[in-house]
Amino acid sequence: MNDLLTLSALELGTAIRAGEVSVEEAVRAALTVAGADNAFVTLAGERALERAGKLQKQVKGAQSPLFGVPMTLKDNICTVGMPTTCGSNMLKDYRSPYDATVVERLNGIEAVCLGKTNMDEFGMGSTCETSVFGPVRNPWCAGRVAGGSSGGGAAAVARGAGWFALGSDTGGSVRLPAAWCGVTGIKPTYGTVSRYGLAAYASSFDQIGTVCRDAADCAAVLDVIQGQDPRDSTSLPGPYGHLLERLSGDVRGMRIGLPVPCFGEGLDEEVRRSVLEVAQILRHRGAEVEECPMPAMEYALSSYYVMACAQASSNLARYDGLRFGYRTRDCRTLEDLYKKSRSEGFGAEVKRRILLGTFVLSAGYYEAYYKKALAARERIKREFTRLFERYDLLLTPVSPGPPPELGESLGDPARMYLQDTYTVCANLAGLPALSMPCGFHAEGLPMGAQLVGPAFGEEKVLNAAHACQLETDFHKRRPALRKGAVRNEMGDGHRP
Amino acid sequence: MEITQELVERIAHLARLTLSEEEKARMGAQLEDILGSMTALDRLCLEDEPEEERADVLRADEVGQSMDRAILLENAPAADEEYVLVPGAMGQGGQE
């Protein structure tokens, strides 16, 4: 049965439609490893098996290449019938009255949801350690972090607990855990996947993306979830679809830039070498690869954290203890209720970002921080526009180094934010960006390379990644399952 | 820049958060540290930057179906059959 866990989502989908594997067998195989790494907040094994039984009767008429394929959802994506906690005490008992648009779309192609995955609280974190349900462990090394904030989904895919995961990416939250867990993740162009039903962190950056085994699976998932949605006013008209059928691996004549600031100071030597090997592979397959300047990069991280926190402070004002979410037991006045509910409901990192955001928006500091961050963002956008006049894609590392040890980043937020140095640019400019495995660091830890494309350039990004994956097998390697790593094999329902 | 205890208290009040003395000291130091790492923005001169043109995109103001009241109230921490229940808001307000 565990041979199933080595298949890609598309390979499993083909086997299901050919009648070689039943949907139930696939669900059962995934559930054998779902208890590892603290990847899940809610594991819905019984519910998934029940759905698998129903779907099996429809397998003959199946249309989608992902029919019956078990998958997972990050716990900030709203679902009817399963809690949506955002990894926070604030929403520990929250039950969404509606499904997110992406959930409707996945139900439409008859995918099977195994459960909701663990995440940094409200998506705020680079290491997946700020969840009220505890940190996600790296499947390759239990003493290391999985990366955040979609760490549960990335760890689950690496492990085999679901053949693909939906996550969200505000500053790198799909790409960073994908890199550190040795899987492939894509954040599509801003506005191409509906955010209806995604709990808001920083709305001008938040974008739902997917973590998969390889680029082909990413293409198949994007073909399902991308599309304009009247319920999300920032969602854009297409064209959408056909990413999978257009995946050729042909990169001949493609021009790829290596932004010089992404290979400078602070980058781990092994990561640098592995990403440059990706450049070699692309050259070998006919692409032209050369270094390019990107001076505006120096503003990226500051601009991102100022604006993301500003938006967070505004978005999270809705958690006031009144209509939904946590309410303190001990309050006399309304003011008291607001303050105590918020202070007891939010964790330290969320409070820190709310405070930082409130500060940069407050009178006296708005010009020095928020307005400058906004101008920096525009400068970065203009620079990308210029770069994409000359290049089809940019190639960079995903993170400056391998995953840190558990606990190492929590006391030093400024240092943790540096992990997002290479990923935030794509969010600032709303561009598609993919993270793929490009080698293994000392101690067997995975490393990732990032491809960034122009707006609506998903086809190019996926094609270049696919080209690399035709030449390498990093994406096919799986972490060993340690004895005792699986905590709760068939667990059902919500975590305590 | 220096983040004083008074500044932390003022921001926390604006954000409707209560911090313990220990939290105030820790958050103050960490905010100072984070803002200290944002020196790149100091090098940006706003006068040199072109103003970006922005336009709000509004959807048509059409009546749609609302969600069922009973379902929405299920998530409320305290409610009767029709309304969310909260402590009295009149006559005791907050300090501004």
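Helices (H or I, at least four residues) and strands (E, at least two) are taken as DSSP runs and are numbered from the N terminus. In these terms, Thr189(A) is placed in the loop between β7 (184-187) and β8 (207-212) of chain A. The structure is a predicted model, in which local features need pLDDT of at least 70 and side-chain atom pairs count only at pLDDT 80 or more, whereas totals for chains, interfaces and linings use all residues. Residues are numbered from 1 along each chain as its sequence is written, chains are lettered from A and ligands numbered from 1 in the order in which they are written, and side-chain values use heavy atoms, with hydrogens and water left out.

Thr189(A) is buried, with a relative accessible area of 2%, where buried denotes under 20% relative accessible area, exposed over 50%, and partly exposed the range in between (1.4 Å probe, protein chains only). When neighbours within four places in sequence are left aside, Thr189(A) is in contact with Gln207(A), Gly430(A), Leu431(A), Pro432(A), Ala455(A), Phe456(A), Gly457(A) and Glu458(A), contact being defined as heavy atoms within 4.5 Å. With residues up to four places away in sequence not counted, Val486(A) touches Thr32(A), Val33(A), Gly35(A), Ala36(A) and Leu481(A).

Of the 16 residues of α9(A), 15 are buried, so the helix is largely enclosed by the rest of the structure. Helix α11 (residues 348-361) of chain A, with 14 residues, reaches 20 Å from its first C-alpha to its last, close to the 20 Å expected. This helix, α11(A), is likewise largely enclosed by the rest of the structure, because 12 of its 14 residues are buried. Among the buried residues of α11(A) are Glu349(A), Lys351(A), Arg352(A) and Arg353(A), together with Ile354(A), Leu355(A) and Phe359(A). The buried residues of α11(A) pack against α9, α10 (334-345), α12 (366-390) and α13 (413-417) of chain A, and also against α1 and α2 of chain B.

The interface between the chains brings 49 residues of chain B into contact with 56 residues of chain A. Chain B and chain A bury about 4,600 Å² between them, 66% of it on carbon and sulfur atoms, buried area being the accessible area (1.4 Å probe) that two parts lose on being put together, summed over both. Leu17(B), Leu41(B) and Asn75(B) supply 14% of the area that chain B buries against chain A, more than any other three residues. Five salt bridges are counted between chain B and chain A, a salt bridge being a side-chain nitrogen of Lys or Arg within 4 Å of a carboxyl oxygen of Asp or Glu. The side chains of Arg43(B) and Glu298(A) form a salt bridge, at 2.6 Å from N to O. On the side of chain B that touches chain A, α1 (5-14), α2 (21-36) and α3 (69-73) of chain B each supply at least two residues, and the largest share, eight residues, comes from α2(B).

Over all chains, a search of the whole structure finds 35 salt bridges. In one of them, Arg231(A) is paired with Glu104(A), the closest N and O atoms being 2.9 Å apart. Arg231(A) lies in the loop between α7 (215-225) and β9 (255-259) of chain A and Glu104(A) in helix α4 (residues 101-108) of chain A, so the pair ties together parts that are 127 residues apart in sequence. Arg231(A) is partly exposed at 39% relative accessibility, as is Glu104(A) at 38%, and Glu104(A), Asp229(A) and Arg231(A) are linked in a network of salt bridges. Arg386(A) forms a salt bridge with Glu383(A), with the closest N and O atoms 3.8 Å apart; being three residues apart in helix α12 of chain A, the two are separated by about one helical turn. Glu383(A) is buried, with a relative accessible area of 7%.

Notes: The expected span of a helix is 1.5 Å times one less than its number of residues.
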